[in-house]
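Student: I have a model open and want to learn how to read it. Where do we start?

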Amino acid sequence: TPDEVAVQSVKLALSGKFDQLHAITETAWEKDQWMTAMNFGFGEMVRAVAKCGGVDQVVVTDRKVSASNDLASFKVWVTLKNSDQKGCASFNPGEMAVVNTAAGWRNKG
């Protein structure tokens with residue numbers, strides 16, 4: 001489902017598993033380009049999440065699916081395992097989208 005792909009995508013991104021995220025992403029970028037961009041864009045966040053014990057839960061909010069059922073956009077709420085630790089508050093990493101392809105729902109990269 002679109003929600004499952006959204007949750008999986010966020011978990012993979014925040015754990016630094018960019019190669020696995022690339023495998024479920026609809027993008028024209030080559031894998032090497034993708035990995036470089038993701039490390040640059042998410043590297044600091046990945047390190048901060050790791051210091052907080054990793055992702056505990058990802059909850060999809062504000063889901064909107066297109067009338068043609070080929071695009072879904074979301075906001076997500078991320079809770080970290082050590083959420084009681086300073087600097088480990090829950091957060092919304094931003095809006096994201098998934099697309100419905102011949103291979104099923106995929107992260108929109």
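**Reading the fold, the pocket and the cavity**

Tutor: Start with the secondary structure: the protein chain has three helices and five strands. Helices (H or I, at least four residues) and strands (E, at least two) are DSSP runs, numbered from the N terminus. This is a predicted model, where local features need pLDDT of at least 70 and side-chain atom pairs count only at pLDDT 80 or more, while totals for chains, interfaces and linings use all residues. Residues are numbered from 1 along each chain as its sequence is written, and side-chain values use heavy atoms, with hydrogens and water left out.

Student: In what order do the elements of the protein chain run from the N terminus on?

Tutor: The order is α-α-β-α-β-β-β-β.

Student: How do I read the radius of gyration?

Tutor: It is taken over C-alpha atoms, and the globule rule is 2.2 Å times the number of residues to the power 0.38. For 109 residues, a compact globule would have a value near 13 Å; the protein chain has 14 Å, which agrees. Along the principal axes, the C-alpha atoms fill a box of roughly 45 × 30 × 15 Å.

Student: What percentage of the 109 residues counts as buried?

Tutor: Buried means under 20% relative accessible area, exposed over 50%, partly exposed in between (1.4 Å probe, protein chains only). Here 35% of the 109 residues are buried. The protein chain exposes about 6,500 Å², and carbon and sulfur atoms supply 50% of that area. Accessible areas come from the Shrake-Rupley method with a 1.4 Å probe; for residues, only the protein chains shown count as cover.

Student: Which residues is Trp29 in contact with?

Tutor: Contact means heavy atoms within 4.5 Å. Leaving aside neighbours within four places in sequence, Trp29 contacts His22, Trp34 and Ala37. Trp29 sits in the loop between strand 1 (25–26) and helix 3 (31–51). Its relative accessible area is 44%, so Trp29 is partly exposed. The C-alpha atoms of Trp29 and Gly109 are 8.5 Å apart, though 80 residues separate them along the chain.

Student: And Lys17, where does that lie?

Tutor: Lys17 is in the loop between helix 1 and helix 2 (18–23). With a relative accessible area of 39%, Lys17 is partly exposed.

Student: How do I tell a pocket from a cavity?

Tutor: On a 1 Å grid over the protein atoms alone, a cavity is a set of points where a 1.4 Å probe fits but cannot get out, and a pocket is an open set with protein on both sides within 12 Å along at least five of seven lines; lining residues have an atom within 4 Å of a point. Grid points are joined across faces, edges and corners, and a volume is the space filled by probe spheres set on the points. The largest pocket has a volume of about 300 Å³. Of its 17 lining residues, Ala13, Phe42, Glu95, Met96 and Asn107 are the closest to its centre. Helix 1 gives the largest share of that lining, four residues.

Student: How many cavities of 30 Å³ or more are there?

Tutor: There is one. The largest cavity holds about 30 Å³. Asp62, Lys64, Ser73, Phe74, Lys75 and Glu95 line it. Strand 3 (71–80) supplies the largest share of this lining, three residues.
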